[in-house]
Amino acid sequence: MKPNCKICKMKLCGTTTIGPKGQIVIPKEARDILKLSPGDSVTLVLKDDTALAIIKNENIQELFDYIKAEWIKLEN
């Protein structure tokens, strides 16, 4: 069983290795959860030197809306 974080909804979906051309393979479990198919475009979201997320580009507006809502909460 892989560790999960139910409070923050994080899930470990496997590991991968960077190939000689700098490419990675996204593990099947992660591709299935994110509904990624060959040819889909994704965005990597980074904080400092830590990867935070791989987001399917068609869902980028959802991420923006979430960030905006959280920012508003911090301002209040």
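Let me begin with Trp-71, which is exposed at a relative accessible area of 57%; exposed means over 50%, buried under 20%, and partly exposed in between, with a 1.4 Å probe and protein chains only. The model is predicted, so local features need pLDDT of at least 70 and side-chain atom pairs count only at pLDDT 80 or more, while totals for chains, interfaces and linings use all residues. Residues are numbered from 1 along each chain as its sequence is written, and side-chain values use heavy atoms, leaving out hydrogens and water.

Trp-71 belongs to helix 2, residues 60-75. Helices are DSSP runs of H or I with at least four residues, strands are runs of E with at least two, and both are numbered from the N terminus. Together with Tyr-66 and Ile-67, Trp-71 forms a nonpolar surface patch of about 380 Å² accessible area. Areas come from the Shrake-Rupley method with a 1.4 Å probe, and for residues only the protein chains shown count as cover.

Turning to the chain as a whole, we find 2 helices and 4 strands, arranged along the sequence as β-β-α-β-β-α. Of its 76 residues, 8% are buried. The chain exposes about 7,100 Å², with carbon and sulfur atoms supplying 60% of that area.

My last point concerns Lys-35, located in the loop between helix 1 (28-34) and strand 3 (42-47). Most residues other than glycine have a negative phi. Lys-35 is also exposed, with a relative accessible area of 62%.

Notes. Patches are made of residues with over 30% relative accessible area and no salt bridge: like charges are joined within 9 Å, nonpolar side chains (Val, Leu, Ile, Met, Phe, Trp, Tyr) within 5 Å. A salt bridge is a side-chain nitrogen of Lys or Arg within 4 Å of a carboxyl oxygen of Asp or Glu.
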